[in-house]
Amino acid sequence: MIYSVYFQIQDALQRATLESKSQVGSIFQVLNTKESPPTYFQTNKFTSAFQEIVDAYGVAKYQEANPGVYTIITFPFLFAVMFGDWGHGICILLATLYLIIREKKFASQKLGDIMEMMFGGRYIIMMMSIFSIYTGLIYNEFFSVPFELFAKSAYACRDSSCSDSTTEGLIKVRDTYPFGVDPVWHGSRSELPFLNSLKMKMSILLGVSQMNLGIFMSYFNAKFFRNSVNIWYQFVPQLIFLNSLFGYLSMLIIIKWCTGSKADLYHVMIYMFLSPTDDMGENQLFPGQKTLQQVLLLLALVSVPWMLIPKPFFLKWEHERRHQGHQYAMLEGADESVVAELGEHNEESNHHEEFEFSEIFVHQLIHTIEFVLGAVSNTASYLRLWALSLAHSELSTVFYDKVLLLTLGYNNIFILAIGVVVFICATVGVLLVMETLSAFLHALRLHWVEFQNKFYEGDGYKFAPFSFALISEDEE
């Protein structure tokens with residue numbers, strides 16, 4: 001590969017010399033170095049902003065897997081989970097389409113700091129708004145107002161005399177609502193407990209899925225660099241540990257949804273550790289659950305020393321095998337200058353090649369503790385999807401009920417006009433600006449900390465092509 005590129009460059013330089021009729025030929029010489037090559041990703045105006053999100057964390061080292069590919073979908077989706085309202089999503093989409101349609105004009109103008117930042121990320125905001133419309137349809141919220149878009153509600157009052165479903169209760173009278181949350185949940189006494197449970201469990205499922213994706217990316221990195229030690233003593237135990245605990249919790253959530261069981265999952269997970277041999281009683285969701293939990297708990301316990309102990313010893317064994325027989329004694333009668341030169345070289349190589357087992361073991365210990373504790377904290381961190389979604393929904397409800405509907409009750413045009421203005425200002429200022437920024441930052445945190453730390457080192461540097469213009473700017 002290297003020689004192929006070498007001959008291509010030589011051929012291009014020779015053709016350039018002939019075509020320019022230069023009297024001096026181009027000189028091209030390969031310099032051997034141990035420095036890692038720079039990283040270059042070919043991007044366009046759509047993908048460049050997503051790549052900048054990843055590069056802000058750290059530039060990928062040469063040939064490392066690029067998380068920017070997945071960020072194009074996962075970043076706007078996680079944002080939308082926290083910002084689910086298709087009315088707000090449409091507002092942001094219209095504003096973004098204006099920037100995209102007139103991008104040639106804006107690109108040639110000098111914009112302010114905030115406007116330039118929004119213009120640079122216009123395609124990210126467009127994707128965020130599209131996903132927000134999708135999740136808003138799932139939550140069935142249009143400025144916090146539910147609509148029967150896909151069918152009539154599956155629930156109705158208990159009898160014909162019932163007029164207030166929030167107090168009298170509901171019964172199911174037709175098929176389940178086909179897409180998203182049934183509109184009758186909004187405004188009912190059961191709305192908050194139902195949506196809290198739904199969004200909290202959904203956040204855990206999304207978090208465990210994305211963390212598993214990060215662990216699998218570490219496998220492909222190790223496979224590409226032919227690092228079998230990382231595959232067997234990092235990828236495999238990490239996958240077992242995460243899924244023995246939180247993968248199992250995700251499975252319980254899905255089983256509970258499918259069966260309608262009233263089992264307490266908090267109780268199941270706590271007593272899986274405290275009393276793994278006790279009878280589960282009404283918290284049993286399927287036959288053989290207690291045996292499965294004992295096996296998973298044993299696997300999780302075994303995976304911790306599996307991550308910690310073997311890798312440092314294998315690295316030490318590989319180092320000794322690689323450098324076996326590399327130390328030679330000088331022959332008698334050799335020239336003193338040669339002895340001195342080779343002695344310096346050997347000292348320098350020994351300094352660079354020195355293997356500190358204690359340092360490697362401590363590093364592996366820190367990495368193991370970080371992953372074990374991070375498996376818990378990172379899963380809990382994904383609950384911010386639930387918390388911010390709830391905050392956005394409740395703020396939207398407050399502005400609609402306590403500002404807009406309250407002013408409609410006065411039957412006064414002047415008061416109504418004031419109420420509409422306050423509602424628009426509150427919606428734009430709080431929900432479309434502050435909440436957007438908040439959800440953006442939280443989605444960024446989930447990608448940097450919870451997802452990318454599973455596989456992404458980000459210790460490389462960008463490729464900077466040679467340019468006379470840049471040289472002249474540096475000199476000035």
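Which residues does Gly68 touch, not counting residues up to four places away in sequence? Keep that one in mind; the tour gets there after a look at the whole chain.

**Before you click**

What you have open is a predicted model, where local features need pLDDT of at least 70 and side-chain atom pairs count only at pLDDT 80 or more, while totals for chains, interfaces and linings use all residues. Residues are numbered from 1 along each chain as its sequence is written, and side-chain values use heavy atoms, with hydrogens and water left out.

**Stop 1: the whole chain**

Select everything and colour by pLDDT, the predictor's confidence in each residue, from 0 to 100. The mean for the protein chain is 86, and 88% of its residues reach 70 or more. Now pick residues 328–352: here the pLDDT is below 50, and beyond near neighbours in sequence the stretch has 4 contacts in the model. A contact, here and below, means heavy atoms within 4.5 Å.

Switch to cartoon and you'll have 18 helices and 2 strands to look at. These are DSSP runs, numbered from the N terminus: helices are H or I with at least four residues, strands are E with at least two. Of the contacts between residues at least 6 apart in sequence, 74% join residues at least 24 apart.

The chain exposes about 29100 Å², and carbon and sulfur atoms supply 63% of that; the areas come from the Shrake-Rupley method with a 1.4 Å probe, and for residues only the protein chains shown count as cover. Out of 476 residues, 37% count as buried. Buried means under 20% relative accessible area, exposed means over 50%, and partly exposed is in between (1.4 Å probe, protein chains only).

**Stop 2**

Select Gly68, in helix α3, and you'll find it touching Gln51 and Val54. Gly68 is buried, at 6% relative accessibility.

Now show all of helix α2, residues 48–57, where Ala49, Phe50, Gln51, Ile53, Val54 and Asp55 are buried. The cover over them includes α3 (68–82), α6 (113–120), α7 (122–139) and α17 (413–451).

**Stop 3: a loop with two positive phi angles**

Go to the loop between α7 and β1 (155–157), where Ser144 is found. Phe143 is in that loop too. Phe143 has a phi near 55°, positive in a residue other than glycine, and Ser144 has a positive phi of about 75° although it is not a glycine.

Is Ser144 buried or exposed? It is buried, with a relative accessible area of 12%, and Phe143 is buried at 17%. Leaving aside neighbours within four places in sequence, Ser144 is in contact with Asp85, Ser393, Ser396, Thr397 and Tyr400. For one more distance, pick His88: its C-alpha is 9.6 Å from that of Ser144, though the two are 56 residues apart along the chain.

**Stop 4: the largest nonpolar core**

In soluble globular proteins, nonpolar side chains tend to be buried together. A nonpolar core is a set of buried Ala, Val, Leu, Ile, Met, Phe, Trp, Tyr and Cys residues joined through side-chain atoms within 4.5 Å. The largest one here has 72 residues, and Tyr248 and Leu252 touch the most other members. Helix α10 (residues 228–259) gives the most to this core, with 12 residues. A second, separate core of 6 residues includes Val403, Phe423, Ala426 and Leu431.

Centre on Leu252. Beyond its neighbours within four places in sequence, Leu252 is in contact with Leu265, Val268, Met269, Leu285, Phe286 and Gln289.

**Stop 5**

Last, select α12, residues 289–308. Its 20 residues reach 29 Å from first C-alpha to last, close to the 28 Å expected at 1.5 Å a residue (that is 1.5 Å times one less than the number of residues).

Which residues of α12 are buried? They are Gln289, Gln293, Leu296, Leu297, Ala300, Ser303, Met307 and Leu308. Look down the axis of α12: these buried residues fall within an arc of 120°, so they line one face of the helix. The arc is taken from the directions from the helix axis to the C-beta atoms. On the other side, Leu298 and Leu301 are exposed.

The buried residues of α12 pack against α10, α11 (265–274), α13 (310–322) and α15 (357–381). In α13, the buried residues are Pro310, Lys311, Pro312 and His319.
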